[in-house]
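Q: I have a structure open and want to find my way around it. Can you walk me through some of its residues?

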Amino acid sequence: MLYQRLMQWSATNSCCSSGRGGVNCKSVVPRLLLLLMLLLLLSGHIESVDGHKVTATLITNHNYPVEEHTVNTPDDYILTIYRIPTSPKLHPQLSNETTQKPVVFLQHGILCASDDWIINGPETSLAYMFADAGYDVWLGNARGNTYSRQHKHIHPDTSDFWKFSWHEIGVYDLAAMLDYALSASNASSLHFVAHSQGTTTFFVLMSSLPWYNEKVRSVHLLAPIAYMRNHSFILSKLGGIFLGSPSFLSWILGSMELLPITSLQKLMCEHVCSEGSMFKFLCSGLLDFIGGWGTRHLNQTLLTDVCATHPAGASTSQIIHYLQLYTSGDFRQYDHGREQNEIIYQQATPPSYNVKNINSCVHMYYSDNDYMSAVEDVEYLASLLPCAELYRIPYSDWNHYDFLWSINVKEVINNRIIDKMERYDIEHATGMSF
């Protein structure tokens with residue numbers, strides 16, 4: 001796919017002959033070819049693992065009922081989402097699947113999937129805890145990940161399939177999944193929980209299609225990401241230099257599949273991240289490098305399961321879009337370059353998302369040691385929202401993935417969320433349907 005895009009660009013772009021945009025093609029192209037060859041060697045010819053889906057299996061193994069549902073988006077992507085309608089721990093009368101229950105929807109982050117909410121086990125994972133508390137639980141999957149790698153007309157081996165960012169995930173995928181869950185549950189509104197990119201898609205949807213605010217009850221966003229002015233991840237700083245603005249390189253590397261689950265990854269999980277492996281520190285070290293060094297909270301026993309389900313695939317344009325936010329300092333739509341922006345947006349620069357359209361009261365949970373979601377950025381975002389409540393984690397070493405897989409996530413995060421949801425339902429019970 002990289003080779004095809006490079007040849008397409010070479011056939012249609014005249015920068016080498018005309019010097020358009022100040023590009024010195026004689027120096028750029030050899031380096032670019034070297035980079036593309038490296039990427040091809042690392043990922044292009046590694047066999048993808050089809051059907052490596054564990055959400056339903058894990059839920060069933062823990063004796064919880066599970067339903068698999070298919071959601072079609074307006075632009076014809078086919079998404080797989082899961083439902084835990086009840087819990088085996090509930091009283092028989094309360095566990096009746098026909099009983100009307102409050103609904104909660106959980107949305108994962110980038111390169112992740114519905115597995116995020118269950119691999120910590122039935123006593124600690126948020127999805128199971130919601131089911132035990134009497135909620136009708138839905139787990140979303142964004143286009144391009146392990147569970148949603150389908151389209152009605154486009155094959156995922158073509159670049160056309162990957163022409164999306166988290167903007168499309170917000171206005172198409174998230175909207176379609178919420179509508180489907182509400183319809184299937186016969187509910188008018190639901191509680192919403194998200195992590196990382198899942199929070200970004202929430203901001204996108206509620207800013208762009210503000211009538212969706214009426215469909216959510218309480219909102220709980222873990223490690224929220226919108227503004228990235230104080231983002232501290234070293235690869236973002238480097239990537240922002242090359243991909244943070246529209247360029248030849250961002251055009252070549254955009255709209256490609258990024259880090260799907262592969263046979264090589266499966267082999268690594270079995271021999272590197274498994275219990276007793278002398279190289280296990282590499283797995284936890286990778287999470288530390290991405291999410292924040294020095295955490296004492298990560299549940300090390302989960303590393304094999306995390307490795308087996310992550311990364312779950314995405315489009316390179318999702319990463320590039322984040323790098324654009326970092327470079328611009330704004331929370332705005334994808335920058336296609338001035339010429340395309342004029343066609344798509346009728347203006348030279350991408351429009352900013354109007355977060356003041358978000359009239360749902362948003363609970364945001366953030367931490368000091370999160371490389372992806374900086375304290376200053378979260379607090380600035382909160383200052384722009386009509387209603388926001390902040391909870392800063394009382395541990396200086398709590399990182400981006402501790403919100404999901406820490407040994408004490410139940411006490412620090414999950415119990416707090418469930419308590420707020422239950423309080424909301426009690427306070428808004430009169431004359432309201434779930």
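Q: What does F203 touch, leaving aside its neighbours within four places in sequence?
A: F203 is in contact with L221, P224, I225, A226, F331, I358, M364, L381 and L385, leaving aside neighbours within four places in sequence. Contact means heavy atoms within 4.5 Å.

Q: Before we go on, what kind of model is this?
A: This is a predicted model: local features need pLDDT of at least 70, side-chain atom pairs count only at pLDDT 80 or more, and totals for chains, interfaces and linings use all residues. Residues are numbered from 1 along each chain as its sequence is written, and side-chain values use heavy atoms, with hydrogens and water left out.

Q: OK, back to the inside. Which residues touch the most other members of the largest nonpolar core?
A: F192, F203 and F331 do, out of 59 residues in that core. A nonpolar core is a set of buried Ala, Val, Leu, Ile, Met, Phe, Trp, Tyr and Cys residues joined through side-chain atoms within 4.5 Å. Buried means under 20% relative accessible area, exposed over 50%, and partly exposed in between (1.4 Å probe, protein chains only).

Q: Which helix gives the largest share of this core?
A: Helix α7 (residues 166–185), with ten residues. Helices (H or I, at least four residues) and strands (E, at least two) are DSSP runs, numbered from the N terminus. A second, separate core has 49 residues, including Y64, W117, Y128 and L302.

Q: New topic. Where does UniProt place the "active site"?
A: The UniProt record, an unreviewed entry, puts that feature at S196, D370 and H400. They span 205 residues in sequence, yet no two of their C-alpha atoms are more than 10.6 Å apart, so they gather at one spot. UniProt positions are given in the numbering used here, feature names are shortened, and annotations may be inferred rather than shown by experiment.

Q: Is H400 buried or exposed?
A: H400 counts as buried, at 2% relative accessibility. Its place is the loop between β11 (388–392) and α17 (402–405).

Q: What does the side chain of H400 make a polar contact with?
A: The side chain of S196, at 2.9 Å. A polar contact is a pair of N or O atoms within 3.5 Å; within protein, one must be able to donate a hydrogen and the other to accept it, and residues adjacent in sequence count only if both atoms are side-chain atoms.

Q: And where is D370?
A: D370 sits in the loop between β10 (362–366) and α16 (375–384). D370 is buried too, with a relative accessible area of 3%. A polar atom of its side chain lies 2.9 Å from the backbone nitrogen of M372. Beyond four places in sequence, the residues in contact with D370 include S232, W398 and H400.

Q: S232 came up there. Where is S232 found?
A: In the loop between β7 (216–222) and α9 (234–243). S232 is partly exposed, with a relative accessible area of 36%. The C-alpha atoms of S232 and M372 are separated by 6.9 Å, though the two are 140 residues apart along the chain.

Q: Now T200. Which helix is T200 in?
A: Helix α8 (residues 197–208). T200 is buried, with a relative accessible area of 0%. Its side chain reaches the backbone oxygen of I225 at 2.8 Å.

Q: Last one. Where does α18 bend?
A: At N415, by about 30°. The bend at a residue is the angle between axes fitted to the seven residues ending there and the seven starting there. Among the buried residues of α18 are V409, I413 and M421.
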